[in-house]
Amino acid sequence: MSIEIAGVGRRFGDFVALEDINLSVPAGQLTALLGPSGGGKSTLLRIIAGLENADSGTVTIEGNDATRLPARKRNVGFVFQHYAAFKHMTVARNVAFGLEIRKQPKDQVAERVREMLRLVHLEQFADRYPAQLSGGQRQRMALARALAIEPSVLLLDEPFGALDAKVRKELRDWLRRLHDEVHVTTVFVTHDQEEALEVADQIVVINQGRIEQIGTPDELYDQPASDFVLSFLGPVTTLDGRLVRPHDIEVAAGPVPDSVVGTITRWTRIGYEVRLEVTPTSGGDPVQVQLTRNDALQRGLAEGSTVWLREVAPVNGAHSPVPA
Amino acid sequence: MNERGPVRYVLRAIVLVYLTLLIVWPVFLVGKNAFAEGTGAFVDALTEPTTVDAFELTLVVAAWAVVINTVFGVLISVLLVRYTFPGRRILSALIDLPLSVSPVVVGLALLLAYGGTNGWFGPTLESSGLQVIYATPGIIMATAFVSLPLVIREVVPVLTEIGTEQEQAAVSLGANAWQTFRRITLPAIRWALVYGVVLSLARSLGEFGAVKIVSGNIVGQTQTATLVVEERYQNFEQTAAYAASFVLAAAAVLALIVVTLLRPGHAAAPTIRASAEVATPLTTEKDPA
């Protein structure tokens, strides 16, 4: 285990940011701390980095007790949401910073900086200032700067949060590929479940200062430990008094056993996907249903049709494939 | 607003007339009178030994006051912005005191505290060989007192604005407190600091009230440039008074020009706007410039 967190708690006045957190982060893996804003995930990350102190508990990094170790001696790479670029230094000087602090020989520093800039595809920007880079480029510079010191662990705090959707998606794929290349133990904080599901090997869901569930993306999606995890990881709707995923509902144009009957009251098409709102005949809240456009057309559905709904029981690991 | 032509021109005229009547014309007259009896008289007035002594003293005092206020100004700014402690707001308010209280009062207060014969602290210092009042240290203290807020008021907003993330990043990369300050914080506040230093210098060169009380106005020893101006004027040596005034005014104007050139926008710092390039971060990017 690369990072061991035992019994960590943190309060800010009356507010409990973290309560009795126990967590093992496996070496070489990409772990996501996922949860809503204010849930304590960033505080936990900052405690691992030593930028914040825990009120109780211990943090062990690569077998060494780091609880009382100041941030500068923990050898962790930290990437901030807003890049924290050193504005008065060129890209190359930014990346060299940690190495210069460590008083490495000049030629070694230059070589390492070149290597890092190649890794993040910023070679020809070495002499630029951060103000001359786009957001995505700045964040890659920050990543190179953090990786240059060969950290025991790499910590990223909402690394793509300040970027627009397209760049965020690209950087996410790229982070995954980079990690497969570099293999440094990585923990990143996000409130975007898609980001966590797509990138992480292991996801830790944190809410209101507590860990709700730890597992692989598949485990969390298919076997959520609580309604909170279920609803946080993806869309949910209520069918017959139970929380289900809108795409786990089977829509039939004729009567089927154990089903809820209703009328399609809204039809929204988004690309390949159709979202229906079905109002049950027996009353109650409308049910949200997602299906592919082809499915909807094959069944001859239209706004105003009467339909029968039932849950497709998601068999572990073999539930109906999500259209992708 | 830009479309309303008449309003804009009326506003400009009012401001121009106001500034002319209050500042430009009177200062111009100082210059005019300094040279009223010709350049020779002007130079003679300034090269008189007591005047030269006074300007030398003023320079020494201003230099010390600026150095002291720069060091303590940065320390106090960092304390105010980066730390929370009981009494922080009171300290912040106290720092503006020198701007609001009359310099004469400052002089009297220093006299009471450091006076050589009956001051609260003075006799002790004097017996150990350090005369404060009626000597250069007292003049430096008085000058430092009145120009104390200038560096702090420039640096605090910039420190607040840059936030702590860059400093935290430096710490996580292994920098200790001093390395973080020298390599990250100081470069980030450098223009504000220069601005504050220049303002302090201008203020220090021109201080009169507090200095008059604590200096004793001993000709050739504790007489500063502003005190020379007053004495010459009262002795009906108009040309000498105006000549010294002119030099002081010119120094202040020079300082303001320096400050204007250093202001963001004129600074040589790399403030080229981030080119609004479409980020195609994963492929090899071409230099958009």
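1. Strand E15 (residues 273–280) of chain A runs antiparallel to E16(A), and six bridges join the two. Strands pair if DSSP finds at least two bridges between them. Glu277(A) has Gln288(A) as its bridge partner in E16(A). The two strands form a hairpin with six residues between them. In the turn, Gly283(A) has a positive phi of about 90°. Strand E16 (residues 287–292) of chain A is mostly covered, with five of its six residues buried. Buried means that 20 or more other C-beta atoms lie within 10 Å of a residue's own; exposed means 12 or fewer, and partly exposed is in between, with C-beta atoms placed from the backbone.

2. A word on conventions. This is a predicted model, in which local features need pLDDT of at least 70, side-chain atom pairs count only at pLDDT 80 or more, and totals for chains, interfaces and linings use all residues. Residues are numbered from 1 along each chain as its sequence is written, while chains are lettered from A and ligands numbered from 1 in the order in which they are written. Helices (H or I, at least four residues) and strands (E, at least two) are DSSP runs, numbered from the N terminus.

3. Next, the interface. The contact takes 33 residues from chain A and 26 residues from chain B. Two residues are in contact if their C-beta atoms, placed from the backbone, lie within 7 Å. On the side of chain A that touches chain B, strand E6 (76–79) and helices H2 (91–101), H4 (135–148) and H5 (165–182) of chain A each give two or more residues. H4(A) provides the largest share, five residues.

4. H4(A) itself has 14 residues, of which 13 are buried. From first C-alpha to last, H4(A) reaches 20 Å, close to the 20 Å expected at 1.5 Å a residue. That expected span is 1.5 Å times one less than the number of residues. Just after H4(A), Glu150(A) takes a positive phi of about 45°.

5. In chain B, look at Leu150(B) in helix H8 (residues 136–162). Why does Leu150(B) count as buried? Because Leu150(B) has 24 C-beta neighbours inside 10 Å. Leu150(B) touches Gly196(B), Leu199(B), Ser200(B) and Arg203(B), not counting residues up to four places away in sequence.

6. Last, confidence. The model scores ipTM 0.84 and pTM 0.81. Chain B averages a pLDDT (the predictor's confidence in each residue, from 0 to 100) of 86, and 90% of the residues score at least 70. Over residues 266–289 of chain B, pLDDT stays under 50. Where pLDDT is low, the predicted coordinates should not be read in detail.
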